[in-house]
Amino acid sequence: MPAPMPMERKQAAYSNLDERYAIQGERYQGQQYSHIYFTRLHHMRNLLHALVPAWKPQLPVTTVLGLEEGKDCIIVGTIYKHMKLKPSILDEYSKERSAIPLVKPHNFMHPDDHLVLEDESGRVTLAGAIPPAAYVTGVVVALHGKETSAGNFLVEDVLEAGLPSQTALSSADEDKYVVFVSGLSVGSSTFNPLQFQLLIDHITGHLGDENEQTIASNIVRVVVAGNSVHIAPRFFNGQTVASKDQSRIAEPIKELDIMLTQLVASLPVDMMPGCHDPANFSLPQQPLHRCLFSGASTYNTFSSCSNPHQFDLDGVQFIGTSGQNIDDLYKYSDAKDKLEFMERTLRWRHLAPTAPNSLGCYPYTDKDPFLIESCPHVYFVGNQDKYETRLMEGPEKQKVRLICIPRFSDSGVAVMVSQFEEPGMQHFEFLNKF
């Protein structure tokens, strides 16, 4: 019987684009968050002003302070959403907190919520054709309408920045795959080591027949999108950790490192932090320290990346998060599914519009790193309840593949993006549900 021919794993040109999310050069000097809002408004207003002539060429653009009653005009500003049920630390000390209605933990919307638009000159309450449920604090828009006798601004039409321009995809002459997995939660009660080991064996080509191994050899990268370990909350109660418990804290990380070492020995792996990982809490989360992965970090195929994470693979632009931005939108606005929230962030040209209002972020003074300056080809979000995907199309023929990656510890599902060229980019499949 002839020996089987050895298979070589395919390669792809990789470029890490996370530099904009690094905060090493930043120095905290007690600055407030107003700077990031000013930077966002300045950048987005320039974009929207350039779009207004094609949208409503006959209307003047004014400021909030320059509004005149009954006169049609356009104003550009940042939305603030006044929410009756929004949690506040002051509520803990309020004598009237017993009168506050009970809130479902997953969402803080209320029928009495209303929107306010503000710029450097002032603020005005909005009414009319702008549903509060679809917007959140921090979004910059242009509004067509007029001031009413009550002092409100009656909105007739809304202009969002829309998708930015997108680089054209070159035709691919061979199949290549990227695997996305998130929510491994090593150390939790839901983590199944056998399940994860089967996934590793599948990716590295140690499972399946020749056809399966051929597919595995076409996988050029694995992206681990956050929440990879679970450390018991009792270790974070502010008390000194006993010496006998210190090793227990490290056990999930050591176990994860052993399994990652198997992967990086076979192919490149991007490791993103999540809200439950040993990284800074606020966005952008900085890369997990390499000393946590004493085994995997010895390979040059191991990359510890930031959250958000942005990279280029054979000319295909990827951008994604570990899920905090979309989970926060879910708390403060409404949509039919998580993919719609993702679409909105692209149309608003901002990955995390609720930062810093309800989503923690670093207090930048001269930039807003979450602004989306070029349209990605693939936009992924980790740690979601279920797998979802959709192809979003823009007015200038932009095409973005949106992916919700489910928590692996709950679902046993990883997502594989196949063949980068159109229409192959539309083909998505589960690796396996073990």
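The secondary structure of the chain comprises seven helices and 18 strands, where helices (H or I, at least four residues) and strands (E, at least two) are DSSP runs numbered from the N terminus. The model is predicted: local features need pLDDT of at least 70 and side-chain atom pairs count only at pLDDT 80 or more, while totals for chains, interfaces and linings use all residues. Residues are numbered from 1 along each chain as its sequence is written, and side-chain values use heavy atoms, with hydrogens and water left out.

Of the 434 residues of the chain, 50% are buried, a term for under 20% relative accessible area (1.4 Å probe, protein chains only). Among contacts with a separation of 6 or more, 73% join residues 24 or more positions apart; a contact means heavy atoms within 4.5 Å.

**Nonpolar cores**

A nonpolar core is a set of buried Ala, Val, Leu, Ile, Met, Phe, Trp, Tyr and Cys residues joined through side-chain atoms within 4.5 Å. Two such cores are set out below.

| Core | Size | Residues named |
|---|---|---|
| Largest core | 51 residues | Most contacts inside it: Leu-126, Ile-130, Tyr-135, Leu-143, Phe-153 and Tyr-379 |

Within the largest core, Ile-130 is in contact with Ile-79, Leu-115, Tyr-135, Leu-143, Val-155 and Val-158, leaving aside neighbours within four places in sequence.

**Helices 5 and 6**

Helix 5 spans residues 324–332, and its buried residues are Gln-324, Asn-325, Ile-326, Asp-328, Leu-329 and Tyr-332. These buried residues pack against strand 3 (73–82), strand 13 (316–321), helix 6 (338–347) and strand 14 (378–384). Glu-343 lies in helix 6 and is buried, with a relative accessible area of 14%. Not counting residues up to four places away in sequence, Glu-343 touches Arg-390, Met-392 and Leu-402.

**Helices 2 and 4**

Two packed helices are described by the angle between their axes and the distance between the axes. Helix 2 (residues 193–204) and helix 4 (residues 243–264) pack at an angle of about 15 degrees, with their axes 9 Å apart. Helix 2 and helix 4 are therefore roughly parallel to each other, a description that applies to angles under 35 degrees. Helix 2 contributes Pro-193, Phe-196, Gln-197, Ile-200, Ile-203 and Thr-204 to the contact, and helix 4 contributes Glu-255, Leu-256, Met-259, Gln-262 and Leu-263. The residues of this contact divide into seven nonpolar, three polar and one charged; Ala, Val, Leu, Ile, Met, Phe, Trp, Tyr, Cys and Pro count as nonpolar, Asp, Glu, Lys and Arg as charged, and the others, Gly among them, as polar.

Note on methods
Axes are lines fitted to C-alpha atoms, for helices over the stretch in contact, and angles run from 0 to 180 degrees between N-to-C directions. Angles under 35 degrees count as roughly parallel, over 145 as roughly antiparallel, 65 to 115 as roughly perpendicular and the rest as oblique.
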